[in-house]
Amino acid sequence: MVRSRMRPLWRLLPLFLALVLVACGGAPQTGAPPAAPSPAAPEPTSAPAADAPTVAPEPTSAAPATEPLRVAIVGDEGTLTPYTYQTGYPGWNMLNLVYDTLLILDADNLPQPWLAERHTISDDGLIHTLTLRDDVTWHDGRPLTSADVKFSYEFYKANRQSRWTPPMGVITTIEAPDATTVVMTLASPSPAFALQPLADVPIIPQHIWEGATDPKAVESTVGSGPYQLAEYVPEQFYRFTANASYFAGAPSVPEIITPMISEPNTIFAALRSGEIDATVRSLPPELVSDFEGNAELALQKGPGYATNLLQFNTERAPWDKAAVRQAISRAINRQQLIDTILLGQGTVGNPGWFHPASPVYQLTDAPAFDLAAAQAILDEAGYADGDGDGVREADGTPLSGELLVYANNPIRLRSAELIAAGLEPLGVRLKVTAIDPDSVDAKVWPEFDVAKGRDFDLAMWNWSAPVQINPLRAVGLVHSDPTIGTLNIGGFKNAEADRIGDAWRVTVDEAEQRALAGELEALIAAELPFVTLFYEDGNYAFRPTAYDGWIYQKGQGTFSKLSFLSALRP
Amino acid sequence: MLRLLLARAAQYLLVIWAAVTLNFLLPRLMPGSPIGLLAGEEVGQLTAEERAELLAEVGLDAPLPVQYARYLGSLIRGDFGYSYQRNQPVTEVILQRLPWTLLLSGTSLVLATVIAVTLGAAAAWRHGSRGDLTLVSVSLVLDALPSFWIGMLLIAIFAVELPLFPSFGAVTAGGRYEGWAYVRDVGRHMFLPLVTLTLTNLSATLLTTRSAMLSVLGAEYIVTARAKGLRERTVLFRHAFRNALPPIATLVGLNLAFTIGGATVVETVFSYPGLGRLTYDAVLQRDYPVLQGAFLLTTLVVVAANLLLDLVYPLLDPRIRRGAL
């Protein structure tokens, strides 16, 4: 029995192997898209830099008409409705290809008219009047009116969504006196109201969402945006097609496909092989020079607003002493971190939190790295190494502790190691503990609720770009009331910080807002609830022959509505 | 006999129950919580009441024993729950990915087994020859190489330098192929992950086959068979290989079981939409229902593979037949 079964299998083996090889290996010669870019490559043999400009501008207008633009994203964003998308970037940006907001952030993150062509605020800051365009239609042809806006805002208020619902809290009433006018009355003045919700919350069609009891179950993606979601294959890709009758003009790329590529190395390999034309992921520093030398690819560079911090638990001794935090901040060589770990692709952290590219950045004279000055601060505060073990102490409390870091993030891990080594000569001993991200989160920010307390000494931390884009969110980093200081993971308590925050939260006047931002910046730089280490610069690689109209939105990246519309080109 | 069968069945049920319990407990013992997944990106903005509501919606507010009882109850009703992340029934989520895993891992299992058993038997037959030494060394090297490294290397060579094969996905994103063109598209996308997975899975089976064959080839009945003047092929296949089969079958059976779990690393490197990546994402995101569903499927297949092996052994080795099941 065994014999009769084995024999045919033995004979089939070579045939089977041959079949597999032929079936798979034979294909590529004929119709493979990756083969297309390579014949073009050998031509600019001598000076690619000089050749590039003459080659690049011509095909851009012709190429998009035939081939879809392929932009790799990292993971699945669900059915891509306002209740199912997953990430702030690129999920929110993809959502906004399909939907529109009342205002829109331009490349400098300043709110501009969009669905609303006019936005006026009463002198007391309580009444916001928005005048809508009268030429906007939903993808199904129906007109978008003030009733849809009123419905959307009330729907988000009633159906909790973590990004849309909290900013609705300040709105007391919404009126739609005529088809193009919306009047919102606020309970208190709200300085960031234009950023969030007006330029953030997508408007949804009343005729589709009305009566939905489970918003997550709504599958329709009818919006008013420049693109329609034409296809979604879970774990594989999204396909967007242009909305030719878009009110701001038809978008410049007729079709966008966003394949999901989970492994970063594969994304950049696919970019080189020509399988994709761009990606939402910034190049890791070690690949930048490599890609700069690639004649077929170009880079969009700009500031990144994701912010890397050394976070203190300010409730725990000795990290509760401002002098200790100041000394540590002075003893960290931020430029060296950038040069060593980011290979120069970064911006030195402002000890006062705000990115130097932010409109509210004012602290231009931050103290530089100075180990001797740091030592002097500790000497003066009474910390000395009494027992000769290399660690300073005062009142029996040694300057030593555990520095938590995500084990899966090489940049933060290397930063932690360099910082720990750099603090050793200061007499501060940090033990770097690298564990899985969830375990770090569970200690630093249990259940993502600062009211639940914390159990750590120090941690390497990172806040994503939106926390910088809306300057007012800095209040959330330092305010001692957990319902306001929702991001105050270090348990920082400072009456002055609370006072500035409380004032800023209800200030309408722009000059006053800026002054308060400056005060808070100076306070953070002096008290240092955390050390702002650096901001990783963005390096977005793309294939100019496929599309070169990318717009870099400050701090965020290139994948947004702005890149596909002529209306908001700077 | 019936009694034995019943005892066996009870044994399997016990194993499944233990696995189900572990599948329920382990994810909940991990640090972290699915609150981030349930709330969405701005979880920090939610008030304590809103968090409590969110957890209550999916029943995570109940004490563990209650959650456990509910879970067992729904399992018995055939209800595998709803994914926190995907707003889809778990069964649907798994069924979307299962075909891709079966295609990739299943093909690789067949390929790796056929190649490894052939080469392993050949190596044992020519024990000590240069071919044997080469095969053993290559197997050991392959065994030591991490699969993501092999995968990245293949991508660098066959997708970037020589753009012959796609580096990601199961089909061309947005491609509208049908019929043969579709089959070819799937084949082209499967090629690099298949080679990676097969290379990774080759060595264990090859080395096992080789050593099983070696132990048999030294036996006296082989000497007898040769002394009778039987042809070498007959000795190899009828006498030696057949007796070397049980350990090989065990290994292949286990591989079969793990195949369903999906090839997490290879699926991640090549962004292949299979079960391994699904499970990995679910672990990272604390998507308990998906985790439970995926682990349960693996459990059932492991048990089924064991059952299959129990049934196959007596066919392979008559000595086991006497001991019955």
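Here is a short walk through a predicted model, beginning with chain A and ending with the domains of chain B.

Let's start with chain A. Its fold contains 20 helices and 21 strands. How much of chain A is buried? Of its 570 residues, 47% are buried.

Now look at where chain A meets chain B. Chain A brings 56 residues to this contact, and chain B brings 51 residues. Which parts of chain A supply at least two residues each to the side that touches chain B? They are helix 1 (2-25), strand 9 (237-242), strand 10 (255-259), helix 10 (264-273) and helix 16 (437-444). On that side of chain A you will find 25 nonpolar, 16 polar and 15 charged residues.

Finally, turn to chain B on its own. The domain assignment gives domain 1 (2-76) and domain 2 (98-324) of chain B. The C-alpha centres of these two domains of chain B are 33 Å apart. Where they touch, domain 1 of chain B contributes 13 residues and domain 2 of chain B contributes 12 residues. To spot the domain 1 side of this contact, follow helix 1 (residues 2-29) of chain B, which gives the most to it, with nine residues. The side of domain 1 of chain B that touches domain 2 of chain B has 10 nonpolar residues, three polar and no charged.

Conventions: Residues are numbered from 1 along each chain as its sequence is written. Chains are lettered from A and ligands numbered from 1 in the order in which they are written. This is a predicted model: local features need pLDDT of at least 70, side-chain atom pairs count only at pLDDT 80 or more; totals for chains, interfaces and linings use all residues. Two residues are in contact if their C-beta atoms, placed from the backbone, lie within 7 Å. Helices (H or I, at least four residues) and strands (E, at least two) are DSSP runs, numbered from the N terminus. Ala, Val, Leu, Ile, Met, Phe, Trp, Tyr, Cys and Pro count as nonpolar, Asp, Glu, Lys and Arg as charged, and the others, Gly among them, as polar. Domain bounds come from an automatic or database domain assignment. A residue is buried if 20 or more other C-beta atoms lie within 10 Å of its own, exposed if 12 or fewer, and partly exposed in between; C-beta atoms are placed from the backbone.
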